[in-house]
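Open your viewer and get ready to click along. We will go from stop to stop, selecting a few residues each time.

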Amino acid sequence: MPKPVMVDRCVCHDVSFATVLDWARSRDSMTVDDAKAQFGCTGSCGMCRRYLTTSLETGEPRVPLVLQQDKPGA
Ligand code: FES
């Protein structure tokens with residue numbers, strides 16, 4: 001089985017999820033909108049939003065890429 005491709009950053013703003021998580025850990029709470037305000041993440045193409053959301057929920061700086069064929073019924 002091939003290794004999954006991992007998403008680890010907002011490409012548009014060149015900000016790693018590890019950087020966002022480090023910043024989030026220094027705060028009481030952190031949302032995607034907080035990350036957008038601080039780093040710009042999700043503010044351009046928006047493709048990183050689902051991955052950043054997962055990263056913030058799990059604390060993992062790398063999230064597997066979801067391809068269209070990964071969706072049930074696709
Ligand atoms: S990859 Fe994050 S806004 Fe485009």
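The tour below visits some loops and a pair of helices.

**Before you start.** Residue numbers start from 1 in each chain and follow the sequence as written. The model is predicted, so local features are described only where pLDDT is at least 70 and side-chain atom pairs only at pLDDT 80 or more, while totals for chains, interfaces and linings use all residues. Helices (H or I, at least four residues) and strands (E, at least two) are DSSP runs, numbered from the N terminus.

**Stop 1: helix 1 and helix 3.** Two packed helices are described by the angle between their axes and the distance between the axes. Select helix 1 (residues 17-25) and helix 3 (49-58). Axes here are lines fitted to C-alpha atoms, for helices over the stretch in contact, and angles run from 0 to 180 degrees between N-to-C directions. Helix 1 is therefore oblique to helix 3; angles under 35 degrees would be roughly parallel, over 145 roughly antiparallel, and 65 to 115 roughly perpendicular, with the rest oblique.

Now show side chains. Which residues of helix 1 meet helix 3? They are Phe-17, Val-20, Leu-21 and Ala-24, and their partners in helix 3 are Leu-52, Ser-55 and Leu-56. Contact means that C-beta atoms, placed from the backbone, lie within 7 Å.

**Stop 2: the buried face of helix 3.** Select Tyr-51, Leu-52 and Ser-55, which are buried. A residue is buried if 20 or more other C-beta atoms lie within 10 Å of its own, exposed if 12 or fewer, and partly exposed in between, with C-beta atoms placed from the backbone. Look down the axis: the buried residues of helix 3 fall within an arc of 95 degrees, so they line one face of the helix. The arc is that of the directions from the helix axis to the C-beta atoms. Among the elements covering these residues are strand 1 (6-7), helix 2 and strand 4 (63-64).

**Stop 3: two loops.** Most residues other than glycine have a negative phi. Go to Thr-42, in the loop between helix 2 (32-39) and helix 3; its phi is positive, about 80 degrees. Is Thr-42 buried or exposed? Thr-42 is buried, because 21 other C-beta atoms lie within 10 Å.

Gly-43 is in the loop between helix 2 and helix 3. Draw a C-alpha to C-alpha distance from Gly-43 to Cys-10: they are 9.6 Å apart in space, and 33 residues apart in sequence.

Finish at Asp-14, in the loop between strand 2 (9-10) and strand 3 (15-16). Asp-14 has a positive phi near 50 degrees and counts as exposed, with 10 C-beta neighbours inside 10 Å.

Note on methods: Two residues are in contact if their C-beta atoms, placed from the backbone, lie within 7 Å.
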